[in-house]
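Here is a friendly walk through one structure, written for a reader who likes cut-offs stated plainly. Please have a look at the sequence and the coordinates before reading on.

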Amino acid sequence: MGRKPFTEGLGLENIGIALDGDGDRLLICDEMGRIVHGDHIIAIIADFLKKKNKLRGDGVVVTHVSNSGLEIYLESIGLQTYRTDVGDLESGRGNIVTGK
């Protein structure tokens, strides 16, 4: 028997996930077909990981095109926002520099 899925018990049985061509962007839709956009996904995951004490450090690395509302929300739950230029290499560098 393998390990239990990370999402077991979270009610995620009926979601859809769509990735772009190289897999660095995604959209999620719920069981009703409502789309959850990137900034909301980041907020949900950051909040979940913080509550589970699984978030490394005190913040989240996002690109400059992320909505300022995300930054306000992250601050409201005690997290810092670290912004990088757009692109997987830049985001990766941001993760290395900040340790996030």
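The report below covers the model, a sheet and the salt bridges.

## About the model

This is a predicted model, in which local features need pLDDT of at least 70 and side-chain atom pairs count only at pLDDT 80 or more, while totals for chains, interfaces and linings use all residues. Residues are numbered from 1 along each chain as its sequence is written, and side-chain values use heavy atoms, with hydrogens and water left out.

## The sheet

Let us begin with the strands. An open sheet holds 3 strands in the order β1-β2-β3, and the pairing is antiparallel. Its edge strands are β1 (16-19) and β3 (35-36), each of which pairs on one side only. Strands here are DSSP runs of E with at least two residues, helices are runs of H or I with at least four, and both are numbered from the N terminus. Two strands count as paired if DSSP finds at least two bridges between them.

Between β1 and β2 (residues 26-29), which run antiparallel, there are 4 bridges. In general, strands of a sheet pair through backbone hydrogen bonds, either parallel or antiparallel.

## Salt bridges

How many salt bridges does a search of the whole structure find? The search gives 3, where a salt bridge is a side-chain nitrogen of Lys or Arg within 4 Å of a carboxyl oxygen of Asp or Glu.

Aspartate 30 and arginine 34 form one of them, with the closest N and O atoms 2.6 Å apart. Aspartate 30 is buried at 18% relative accessibility, whereas arginine 34 is exposed at 51%. For these labels, buried means under 20% relative accessible area, exposed means over 50%, and partly exposed lies in between (1.4 Å probe, protein chains only).

## A pair within a helix

Aspartate 47 and lysine 51 also meet through their side chains in a salt bridge, at 3.1 Å from N to O. Both residues sit in helix α1 (residues 38-51), 4 residues apart, which is about one turn of the helix. Aspartate 47 is buried, with 17% relative accessibility, while lysine 51 is exposed, with 63%.

## A pair between a helix and a strand

Glutamate 71 and arginine 83 join their side chains in a salt bridge of 3.1 Å, N to O. This pair links distant parts of the chain: glutamate 71 belongs to helix α2 (residues 68-76) and arginine 83 to strand β5 (residues 80-84), 12 residues apart. Glutamate 71 is partly exposed at 31% relative accessible area, and arginine 83 is partly exposed at 26% relative accessibility.
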